[in-house]
Amino acid sequence: MKIFARKDEGDWTDLGGGNRRRILLHTDELMMVEFAFEDGGVGAPHSHPHVQASYVAQGRFEVTVGDRTDVLSAGDSFIVPSNVVHGVVALEAGRLVDSFTPHRADFLA
């Protein structure tokens with residue numbers, strides 16, 4: 001099991017629309033993933049059974065979780081309960097660091 005990750009490790013996966021992701025670390029119980037968005041990039045509304053905690057590492061995002069929407073900036077964070085529809089719009093280029101429990105097996109495929 002990998003315990004430490006360095007800032008330059010991990011391969012980026014192109015998600016289209018200028019968005020990318022890379023898996024930083026994971027176990028069966030927990031996964032940490034970095035997402036990079038270009039200005040105007042969209043994380044389309046979706047849901048999944050995983051609980052998600054997200055940290056805005058850089059930039060500004062309009063974040064919608066369920067029926068609530070807010071603008072978050074670097075240093076802010078949010079929680080997405082299991083199966084709640086959520087999405088983001090990058091108001092400027094930025095990065096999110098998301099943690100999922102349990103891990104996202106679909107990201108490993």
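These legends describe close-up views of a predicted model.

**View 1. An open sheet of four strands.** The strands run in the order β4-β9-β6-β7, and their pairing is antiparallel. At the edges stand β4 (42-46) and β7 (68-73); each has a single partner strand, so one side of each is left without a neighbour in the sheet. From one strand to the next, the twist averages 20°.

**View 2. The pairing of β6 with β7.** Strand β6 (residues 60-65) and β7 are joined in the antiparallel sense over six bridges. Opposite T64 stands T69 in β7.

**View 3. The salt bridge between E9 and K2.** The side chains of E9 and K2 meet at 2.9 Å, N to O. E9 is partly exposed, at 32% relative accessibility, and K2 is also partly exposed, with a relative accessible area of 44%.

**View 4. A salt bridge between E34 and R95.** The closest N and O atoms of E34 and R95 are 2.9 Å apart. This pair links distant parts of the chain: E34 belongs to strand β3 (residues 31-37) and R95 to strand β10 (residues 94-101), 61 residues apart. E34 is buried, with a relative accessible area of 9%, while R95 counts as partly exposed at 26%. R22, E34 and R95 are linked in a network of salt bridges.

**View 5. A salt bridge between E92 and R60.** The closest N and O atoms of E92 and R60 are 3.5 Å apart. E92 lies in the loop between β9 (86-90) and β10, and R60 in strand β6, so the pair ties together parts that are 32 residues apart in sequence. E92 is partly exposed at 34% relative accessibility, and R60 is partly exposed with a relative accessible area of 34%.

Key: Residues are numbered from 1 along each chain as its sequence is written. This is a predicted model: local features need pLDDT of at least 70, side-chain atom pairs count only at pLDDT 80 or more; totals for chains, interfaces and linings use all residues. Side-chain values use heavy atoms; hydrogens and water are left out. Two strands pair if DSSP finds at least two bridges between them. Helices (H or I, at least four residues) and strands (E, at least two) are DSSP runs, numbered from the N terminus. Axes are lines fitted to C-alpha atoms, for helices over the stretch in contact, and angles run from 0 to 180 degrees between N-to-C directions. A salt bridge is a side-chain nitrogen of Lys or Arg within 4 Å of a carboxyl oxygen of Asp or Glu. Buried means under 20% relative accessible area, exposed over 50%, partly exposed in between (1.4 Å probe, protein chains only).
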